[in-house]
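Reader: I am new to this structure. Please take me through it, one feature at a time.

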Amino acid sequence: MSRLVVFSNRLPLGSSPSGGLVVALGRTMEQRGGVWIGATPGKSGTGQHTLQSYEGASFDRHALHLPEGEYNDYYLGYSNSVLWPLFHGRTDLLDVEEGQLAAYSSVNRKMAEASVNLIQEGDVIWIHDYHFIPLAAELRKLGVNNPIGFFLHTPFPSSNNVRAMSHKEFLLDWLAAYDLVGLQTQRDVSALIEVCRATFGGQLLSDGRIRCKGQDIWAASFPIGIDAKTFRQTAETQEMTSPRIDPGQKLLIGVDRLDYSKGLPHKFRGFQRFLEDQDSESERLTLLQIASPTRENVEAYQDIRRQLEQLSGEVNGEFAELGYMPIQYIHRAVPRDYLAGLYRRAAIGLVTPLIDGMNLVAKEYVTAQDSSDPGVLILSESAGAAEQLGIGALTINPFDPSSIASAIRKAVAMPLTERIERHQAMWDEISLHDVYWWTETFLNRLDKNASSRRKRSRSIADLETMLRG
Ligand code: GDG
């Protein structure tokens, strides 16, 4: 088996990470070993751009320390104030400032320069997410000929959104340097084909490559999964020890990074509508919302935090009674094991992103359920996960509070036989297409593509020699 070299902005250095990429890749790396390289802000003034190694994991970890200003322009700036909103259809939140793109490109170049000596012949390189799209092109410039794959954890933007990107032509050059571009869903593959067609005049070839301006992009969907069996076991063992919540209390659970793409205000408004429509005799429901802090230095994230505090106060002010608080809003990360117990304890999982690459929380909620008395998943039709879990979830339109409210009513009233049937269909899908399936399928395909690229370049070289001779 080839050694795997993974790049992502975040490196798992602490315990219990919140964030889909680190959770998913962490399992892969623990099982398979290899090298994981990330970036972190260094002490101000550090200009060395060398990798620092970290001991203590079953795989090698290295971080590129960047001066704080440069890191901010690359990470908070171009990555999270331009690419993230753009890839989530929020062009209204774009905050383009001079110097950010230059910092983004330069960090990618420095990452390539700092890591190139670590890469050995036979290594397979897997680059993750929007922070490092140009990295393969930079590695190729330094002579790296290894298979290089890319996986985008966010949705792929529509051609309308790509239009708002300055230097959009770079996107094409960056993506064409990969042997494989992995996307979460078929929806994203279609968006990429459409961007190539509409923006760059490209076309789809019969072998699946997309040819744009003389360059080829190889894209396919690989829906990311979770370590389903382990997580299920964790939820089972956590059941007894899990939290101090009134045992008679019927719970809806939400677990999200506090990000504007996750539709948290929409979730609260949907629940508010449900409470408004409820008669006074009905069973009381509590929405337990864990919203772990994220990117707090970006203004749009401060706005969403204020908005949620206000909304939860409003709903509680209107509907709370002695001994009953409708929304329990926790703006803090909780340990993963504890989370598994909470999911299992909740009668409804409420997942309402406005758009999401996949959404692992939806898969975790289903996995944690007791299959003989499972809860109901309510899932936004705009989450990537809806392509797989639409078979068993109650799908909703997050922009419409009455759609959320009526799904909650339906979930509360759902008979046990229907709950079991829906849960089984989703569990079959999640356990079959777990995170190990995801890694193997992606890497097998990457291997095939890279061999066929090498074969093509060998034939071109042979032809050139023949013509010269
Ligand atoms: C990106 C894409 C895609 C959350 N709060 C806590 C906590 N979490 C964990 C969850 C889950 C993960 O973080 C969140 O994953 P999501 O998939 O829901 O979302 P993103 O972080 O936005 O991830 C997304 C994903 O990448 C993978 O490709 O699905 O679409 O946006 O695992 O459980 N974990 C702990 N405490 C918390 O408070 N321990």
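Predicted model: local features only at pLDDT ≥ 70, side-chain atom pairs only at ≥ 80, totals over all residues.

Author: Start with a definition. Helices and strands are DSSP runs, numbered from the N terminus; a helix has at least four residues and a strand at least two.

Reader: Is D129 buried or exposed?

Author: Use the cut-off: buried means under 20% relative accessible area. D129 has 6%, so D129 is buried.

Reader: How do I class H167 by its relative accessible area?

Author: Partly exposed covers the range between the buried limit of 20% and the exposed limit of 50%. The value for H167 is 39%, so H167 is partly exposed.

Reader: Now a helix, please. Where does R453 lie?

Author: R453 belongs to helix α16, residues 435-468. The relative accessible area of R453 is 18%, so R453 counts as buried.

Reader: Which residues is R453 in contact with, leaving aside its neighbours within four places in sequence?

Author: Contact means heavy atoms within 4.5 Å. On that basis R453 touches R140, N145, N146, P147 and D179.

Reader: What share of the contacts in the chain joins residues 24 or more positions apart?

Author: Take the contacts with a separation of 6 or more. Residues 24 or more positions apart account for 77% of them.

Reader: Why does the radius of gyration of the chain agree with a compact globule?

Author: Compare two values. A compact globule of 469 residues would have a radius of gyration near 23 Å; the chain has 23 Å, so the two agree. Along its principal axes, the C-alpha trace spans about 90 × 50 × 45 Å.

Reader: What about burial and surface?

Author: Of the 469 residues, 57% count as buried. The chain exposes about 20000 Å², and carbon and sulfur atoms supply 48% of that area.

Reader: How many positive and negative charges does the chain have?

Author: There are 48 positive and 57 negative charges. Their mean positions are 5 Å apart.

Key: Residues numbered from 1 in each chain as written. Heavy atoms only, no water. Rg over C-alpha atoms; globule rule 2.2 N^0.38 Å. Buried < 20%, exposed > 50% of the residue type's maximum accessible area, 1.4 Å probe, protein only. Areas by Shrake-Rupley, 256 points an atom, 1.4 Å probe, with all protein chains shown as cover. Lys, Arg positive; Asp, Glu negative; His and termini not counted. Charge placed at Lys NZ, Arg CZ, Asp CG, Glu CD.
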